[in-house]
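Open the model in your viewer and follow the stops below. Each stop gives a selection and what to look for.

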Amino acid sequence: MIVDILIKNASELVTVRDTRRSAKTKGDMEDLGIIRNGALAIEGKDIVAIGETNKILTTITRAKTVIDATDSIVLPGFVDCHTHLVFGGSREDEFIQKIEGKSYLEILQRNGGILSTVEKTREDLASPRVLMNRAQTFLDKMLTFGTTTAEIKTGYGLSTQSELDLLNIIARLKESQPIDLVSTFLGAHAVPKEYENRKADYIRLVLDMLERAKTEGLAEYCDVFVEEGAFSPLEARTILKQAKKQGLKLKLHAGEFNDMGGVELGAELGATSIDHLDYISERGMELMAQKKTIGVLLPGVPFHLMTNKYAPARKLIEAGVPIALATDFNPGSCPTLSMQMIIALACRQMKLTPAEAISAATINAAYALDRGDKTGSIEVGKRADIIVLNIPRHQQLPYWFAMNLVAKVIKNGVIIY
Ligand SMILES: [Zn+2]
């Protein structure tokens, strides 16, 4: 057989095998399906063969490109299943206030926080090219860190036109660069200044925005920020039920600073994932396990905000909740694009094993975006989204931290880095 790309001699081919065709739970998260001295063949956009190098070489007679992965590991590309990547400005001054001890909610109440990014994003939307180019630069960087699929939320426009503009920018980014993007409408991220003390009116506006987003086919998911100072579970219910009726899939931000009941609501409505979970009750964990709701954990947030309050990952795994990892890339609470850094934090601060963290950042994150059938593991028939890391064992991935270990990125069968 003659193929397009052959990768051979990998010290570990980390397939993260997807045996159950659903997000991994409990002990399954440890099962990375490692093939030592592994090889894989790519034809077009797809993986066509995997196995030990000596066996693969008996069937593959020629390849247009051969990559020798000696002393390296080969992984599925990372899936960053929670980002807010399109925004204006940056918030380093707020970061300094945090160093001085002010809390996120205090900064939010002083019209800082999300609303300051909304102001800057609205300004930049006057010439959408600027925002678009900036997002493009972020995505280019993300790729060099090994992310091949990502979600992007709106939520820094908070008016009908600006939210639609943001959805349109995401749609254009899907066409203009190689990372597969999933778009999420997050009109209920905060209540904008012009609706201060008129929250019910703003919720009605969000319902209108949903209608428009749906008609124009721009969003796949609807998300709501359930938190003190943002939206209550009751308000979130109105928005999410409407979104569901319109055929959108659901996500929630819940338990970032308080356990408000967002977890129970998300599980009840059949959300694909509930994200953050730094605060979650035992009952919430049980419900998520029962409904197989994926818990997307974002350890970069408590790290950057210096709250030291991390999601109880070990308890979640014991309870049987499938967990995924993501950056939550945004200017206020997590300015990093590196899934490698997130894996390093998850192991240190939430006590995930390296294998669990890798499952959470690949296959489980792919299921958190409903893309588990296409990506997230290295299997015949799945898309060739592959990264080669300059380390001989997967245990070294979280060990070397804040360094870029990625040597090569293959997206849809094309070597792009
Ligand atoms: Zn977020």
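Start by selecting Phe 87, Phe 138, Tyr 156 and Phe 329: ring pairs link them into a cluster. Rings of Phe, Tyr and Trp (its six-membered ring) pair if their centres lie within 6.5 Å; planes under 30 degrees apart count as stacked, over 60 as edge-to-face and the rest as tilted.

This is a predicted model, where local features need pLDDT of at least 70, side-chain atom pairs count only at pLDDT 80 or more, and totals for chains, interfaces and linings use all residues. Residues are numbered from 1 along each chain as its sequence is written, and side-chain values use heavy atoms, with hydrogens and water left out.

The structure holds six aromatic pairs. Keep Phe 87 and Tyr 156 selected: their pair is edge-to-face, 6.3 Å centre to centre, with 75 degrees between the planes. Both residues are buried (under 20% relative accessible area; exposed is over 50%, partly exposed in between; 1.4 Å probe, protein chains only).

Next, select Tyr 399 and Trp 400. Their ring centres are 4.8 Å apart and their planes at 65 degrees, so this pair is edge-to-face. Tyr 399 is exposed at 53%; Trp 400 is partly exposed at 36%.

Now show the zinc ion. Which residues coordinate the zinc ion? His 82 (NE2), His 84 (NE2), His 253 (NE2) and Asp 328 (OD) do, at 2.1 to 2.4 Å. Donors are N, O and S atoms within 2.8 Å of the metal (3.2 Å for Na, K and Ca); water is not among the atoms, so sites may look incomplete. His 82 has 0% relative accessibility, so it counts as buried.
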